[in-house]
Amino acid sequence: LLLCYEPAKRLARLNIDLTTHLLGARMLFEILDRPATEADAPGTPELVVRGGAVAFDEVVFSYRESEPVLRGLSFIAEPGQTTALVGPSGGGKSTVMNLLERFYDVESGVITIDGQRIDTVTRRSLRQAIGFVSQDVFLFTGTVRENIAAGLPGATEEQIIAAARSAHAHDFIMGFEGGYDSRVGERGTQLSGGQRQRIAIARAFLKDAPILLLDEATAALDSESEAEVQKALQSLQTNRTTLVIAHRLQTVINADKICVIEKGRVVESGRHEELVAKRGRYFTFHQLQFAGQQERLSA
Ligand code: ADP
Ligand code: MG
């Protein structure tokens, strides 16, 4: 994990086995926009995204032999809509995202985007179509500007500032003595969790990918930051197909569809009200996971 904190240029020179360093692989694509060690066969077509419909059909996958993680997992994420993935820890939610970005390949079953099997298009075109924001934001040693610009190599100053504004990051950045030239990362300006997340959101705005993967923060941010992050995320999701690993009650309530993932399968799906009324797996999980948040919301 030490690798993750290395300056990006140094990382680029390292010959890492990316298949065993998942975070490294994702980071290289997000930050450096360069292919991993796996090459596509010559003549492989590019993914063509229209609406951005994502479909998993009976996907089976394991990281290690004889330890199945996904056991015939199926769902459809409609174009432009938000699909929340919920369920107990270890159920396979993060794995769904890893497979969609093709950091691993399925054992059986099919994953498609707008009808194209993701294993038949170039990895680069696939990963260019997908933005990713999580609580473990990777910031490399460099300026705020460079960290945002990583979303779109060659971005203009205007584009970078527009993305930061959309991410509700511009004001706090301008509050730093060095503004966009402030250094972050090791020995740089210390950023709060909410600020780091908004830098990542700015990067995603700049990338402007039609499909968005969000892994919501589990730890609470300070309440002002939380509100800003939520506003930024909400506008980032507009007109993008979003898959969100949801830890907030508000997120599942607002989702167009909730998929409950348990032991590598989608065991229930629908909208919040439908699933509550059904009194099935979601209802039980919801009571355990979100009960405290419900009280806070209604307080
Ligand atoms: P969730 O996100 O729902 O908590 P994950 O997809 O992270 O679930 O994990 C599903 C299962 O796969 C867990 O048993 C986890 O320990 C295992 N797992 C996750 N990532 C790896 C990995 N890189 N190598 C081996 N096992 C993994
Ligand atoms: Mg996870």
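I began with confidence, and the protein chain averages a pLDDT of 86. I noted that 85% of the residues score at least 70. This is a predicted model, and I kept that in mind throughout. For the complex, the predictor gives an ipTM of 0.98 and a pTM of 0.86.

I then checked residues 31-35, where the pLDDT is below 50. That stretch has 18 contacts in the model beyond near neighbours in sequence. I wrote myself a caution: where pLDDT is low, the predicted coordinates should not be read in detail.

Then I turned to ligand 1. Which residues surround it? I listed Tyr63, Arg64, Val69, Pro88, Ser89, Gly90, Gly91, Gly92, Lys93, Ser94, Thr95 and Tyr104. I sorted this shell by class and got four nonpolar, six polar and two charged residues.

I looked up polar atoms beside the oxygen atoms of ligand 1. Lys93 places a polar side-chain atom 2.8 Å from an oxygen atom of ligand 1. For Ser94, a polar backbone atom is 2.9 Å from an oxygen atom of the ligand. For Gly91, a backbone N or O atom lies 3.2 Å from a ligand oxygen.

My last entry was on cover. How much of ligand 1 does the protein bury? Taken alone, ligand 1 exposes 560 Å². The protein buries 62% of that.

Key. Residues are numbered from 1 along each chain as its sequence is written. Chains are lettered from A and ligands numbered from 1 in the order in which they are written. This is a predicted model: local features need pLDDT of at least 70, side-chain atom pairs count only at pLDDT 80 or more; totals for chains, interfaces and linings use all residues. Side-chain values use heavy atoms; hydrogens and water are left out. A residue is near a molecule or strand if one of its heavy atoms lies within 4 Å of it. A polar contact is a pair of N or O atoms within 3.5 Å; within protein, one must be able to donate a hydrogen and the other to accept it, and residues adjacent in sequence count only if both atoms are side-chain atoms. Accessible areas come from the Shrake-Rupley method with a 1.4 Å probe; for residues, only the protein chains shown count as cover. Ala, Val, Leu, Ile, Met, Phe, Trp, Tyr, Cys and Pro count as nonpolar, Asp, Glu, Lys and Arg as charged, and the others, Gly among them, as polar. pLDDT is the predictor's confidence in each residue, from 0 to 100. Contact means heavy atoms within 4.5 Å.
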